[in-house]
Structure formats: structure tokens, C-alpha cells
Amino acid sequence: MAVTPDQQQPPPPAGASSTPPRLLVHVHETTLVPPSPSPPETSLPLTFLDVFFLHSTPVKRLFLYRLAGPDADVAAIISSLRDSLHQALRAFYPLAGRVRLTPGTSDRYELHYRPGDAVTFTVAECDDDMHFDGLTTDEPREVAKIAALVPPLPDGGKLLAVQATLLPARRGLAIGVTVHHAACDGSGSTHFLHTWAAACRGGAAEPSLPPPPPPPVIDRTLLPDPRRLYDVFVQAAPSSQELEFIKVSADQLLATFVLSKDDLTRVKDVVADEATRRGVAPPRCSSLVATFGFVWSCYQRAKNGGGGEGPMMTCMVIAVDHRSRMKPPLPDKYLGNCVGPAFALAPTGELAVAGAGGLFSACAAVAASIDEAVRDIGTSSMEAWMDRIKEVLLMDLLTVSGSPRFRVYDLDFGFGRPAKVEVVPVTRTGVVAVAESRVGDGGIEVGVSLQPAAMGSYKKCFADAIAWLHQRRHESDDSF
């Protein structure tokens, strides 16, 4: 049978099919929520930065809210969520559409919206006896369990799906959101979520919450492609075998670790002191660099037993926002992808060394990779991004998502701030998701996804490293 342009679809993003959930969730209903009022039919061509993420795994975020208990008016809450989603989609209408091949082409993709397109809104209830505190704990949890609280993307190139799940004894509500990465990056998707939350809560917001955000900038012509990187990225797209390799494994665990503002200051001091000892210029060590370096060095030490042998390289891939670095700069609220990868590379043995040595090597590699990523914008080095992604997939790899700038703990829909926010991993590689600390102390919260055996070792290495940070000023021993 002939396929019409509207039926031609790109391959589903890797990880779109997840491991069967172990948490018992009963779906009550799934409705379609369109933008209201409906915009006219629109096609937005994918930019080279959009098509770079065409085959990427979807981004799955989970927000866990504590309710008032059995007396909570759940029906009113669900109704308010659904009604305000109509309003939010009015400004973010491309997310109600889908990604498709541009009619008459074989390798040009676009986001296509037409009146009647809508976002699936699923209402469910958790029949499992897991307590709310068991879902919001920092302790390791099975990814397959919490994944049941986040919806899959519907077939047909759809870009956004939402699920609201009532948790046992009406103690909490889980809001799961899945976004196709070709539609927008984390800055764009969390901009949408803040818009939705502001519309839902109306005037019933805490004074400490920011005002409703401005509307997005929906104009793909703002990102020109003089180097024809679109063609480079399409031709170098990963194969189905390579995508299969990264799908999440059935026994993956997720745990949360917190670095306080004081912890981060101590990491920066260690890095500066080690640079002085080595007689080298200290790397630029922001709080994010300190976080990534600390997490990465703990990860390698957990896997290598406190030391390392051999020349094997390890990699951390970090997403860097380039809106302000494009020429001309893109608006802060540009809706689309404007991030590129930074590849932090270091010998495994160097990072696995206990004490200041491993921490310095990790932070120096992270800082150097971000500096390189910034310098490479607009140069021929960008042409190698896809090939480098394929190379590092074969390494001992950690990938990073999220940002403290997204302020996910400010997402109050009118019934309080979230008790816990997760980025649900959909890959088997080590995954690190960062957010601002939910206790508001200026620290950074880190979600780490690992296999069970590695998770136990990682927890010990993280705790030992934190203890060492706080003891080092009083002891001469420089290792842990």
C-alpha cells in the first residue's frame, strides 16, 4: 500500500519501549488535550541541532507531590491539570504535533501541527502497596518500578505525553512527562512545564515562586546552518544495532545523592590546592564542574576498587547550552534544541585514584571539555559530534542530563512543590541527572543510575568521599 507523506515517520526514539513495569498501575482513562484555541496548521523544519537528537531516547521526568491525604479533592486536581494543559499548549502548540518526514523529501524532517492534534493525558492509580516515602526516598529504587509512572510516547512521531497517577491512600500524586528530544531540549521542555504549572495554580502561588514565564520563541529560522551540519548529522545517524545497545536493562537502579553548598566549596578548595601543589593553573571549577568531577571520580573509584591500571579511557558526556553563544545569540526562551555535547575524557586509572588526585583529574577534564565545546561552536569541529558519540558509546561512559537552572522544585501546580523530581533513565549506560537541591541550601541534587552491583560500591565511595572532604583540613592523610 502506498504511504502518504503524513504517514511517513522517522524511526521511534531509542528507549521508547521500556522494560515491563513492576509497579502495579491501573489506567482509568486517557484523553486527548489539544491547544485551545487551536492555532492554524504549521510546519517547523528541524534544525541541524534538532536532527542531531532525532534518534535520541525520549526524556522522561517524574514529579512526585505529597497530597493532603484521604481528604484531597483529587477530581478537582485532575480537572485543573487537564484544563490548564489546554492553556499551556496554546503557547507551546508544536508539542501537540508530531515529527514527520517533510512531504516530497527523503531526509528532511519537520514538526507538523494541524488543528485537532492533541497531547495524550492519562489518569491512573497505583494499586501497589509501595508507600509514598518509598518512592521519594534517596535510597536506590528499581527503575522499572518508577518507569510505570511515566507514559510512553504514542506511535506516529508524537512529541509529548502526560500521565497523572494517584498514589496509594491518596498520599501523593505522580505527574510523569515524556518529551521527544527532537522537539526541544531541557530548557524548552522545562519552560513548558513552568508555563503549565503557572496556568494550573492561577493566583494561588507561594510568594517565593517566580511569576509566570514569558511565551516561547517559535522561530526555527533563527538558527542558520552555513556548514550544512543537518546533512552531516543525518548521514551519520546511529544504526538500529547501536541504538539497541543503549536500552535500559531490567535490573537498573536509581538513587539520589546530594552535594551541599559547603561540600561544593570544599571540592573547589581541593582542586585549587592540588593545582598549586602541581604547579599548574587551576581549572575553572564552577559548582557544576565540581559536581560532575566529584560524581565521576566516585563512579570510577567504585568500579576500580580505589585504583586503576592500564590506559583505558573513560568519558563523561555533558550537554552544554549554546543559546547565548550562537551568532547571533538565540533568545533565552527559544523553543527547540540549542545544546551540544561536551566530551570529558580521562584515563580511567587517573580518575580512580583516591583523594585529591582523582578529584583534580576529573574536574580538570570536565572543565576542559566544556571550554572546548564552547570554542568549537561555529567551527568544523561540530561535524565530528555524531562520530564521537558513536566512539564513546563503546567506552566506560557516564551521560549527564538536567540542570539546576531548570528550577524543577519550583513546579507548584497549586498543591505544593514536588517532594521529589526524577529524570527516569532509559539507557543502560551510567546516567547522572542534576537539579537544584530540594532543601534550598544552594547545593545540587544528583540522580545516579547504575546496575545493582555497582550501586552498592558507588554509595560507599560517595559517603567516604564526603567524609574525607570534611576531615581533610584536620588530617595530613590526603586519601580516602
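Reply: Glutamate 422 touches Lys60, Arg61, Leu62, Arg141, Leu254 and Thr256, leaving aside residues up to four places away in sequence; a contact here means heavy atoms within 4.5 Å. The model is predicted, with local features requiring pLDDT of at least 70 and side-chain atom pairs counted only at pLDDT 80 or more, while totals for chains, interfaces and linings use all residues. Residues are numbered from 1 along each chain as its sequence is written, and side-chain values rest on heavy atoms, with hydrogens and water left out.

Glutamate 422 lies in strand E14; helices (H or I, at least four residues) and strands (E, at least two) are DSSP runs numbered from the N terminus. With a relative accessible area of 3%, glutamate 422 is buried, where buried means under 20% relative accessible area, exposed over 50% and partly exposed in between, for a 1.4 Å probe and protein chains only. Its side chain makes a polar contact of 3.4 Å with the side chain of lysine 420. Such a contact is a pair of N or O atoms within 3.5 Å; within protein, one must be able to donate a hydrogen and the other to accept it, and residues adjacent in sequence count only if both atoms are side-chain atoms.

Strand E14 spans residues 420-423, and the loop between strand E13 (396-402) and strand E14 contains phenylalanine 413. This leads to the aromatic residues. Rings of Phe, Tyr and Trp (its six-membered ring) pair if their centres lie within 6.5 Å; planes under 30 degrees apart count as stacked, over 60 as edge-to-face and the rest as tilted. The count by this rule is 15 aromatic pairs. In one of them, the ring centres of phenylalanine 52 and phenylalanine 233 are 5.0 Å apart and the planes stand at 65°, so the pair is edge-to-face. Phenylalanine 52 is in the loop between helix H1 (48-51) and strand E3 (59-66) and phenylalanine 233 in helix H6 (residues 229-235), so this pair ties together parts 181 residues apart in sequence. Phenylalanine 52 counts as buried at 8% relative accessibility, and phenylalanine 233 counts as buried at 1%.

Tyrosine 65 and phenylalanine 413 also form an edge-to-face pair, 5.9 Å centre to centre with 85° between the planes. This pair links distant parts of the chain, 348 residues apart, with tyrosine 65 in strand E3. Tyrosine 65 is buried, with a relative accessible area of 0%, and phenylalanine 413 is buried, with 4%. Both belong to one aromatic cluster, formed by Tyr65, Phe92, Phe192, Trp196, Phe413 and Phe415.

For the chain as a whole, the secondary structure comes to 13 helices and 16 strands, and buried residues make up 55% of the 480 residues. Of the contacts between residues at least 6 apart in sequence, 82% join residues at least 24 apart. The mean pLDDT, the predictor's confidence in each residue from 0 to 100, is 89, and 89% of residues reach 70 or more. However, pLDDT stays under 50 over residues 1-9 and over residues 14-21.
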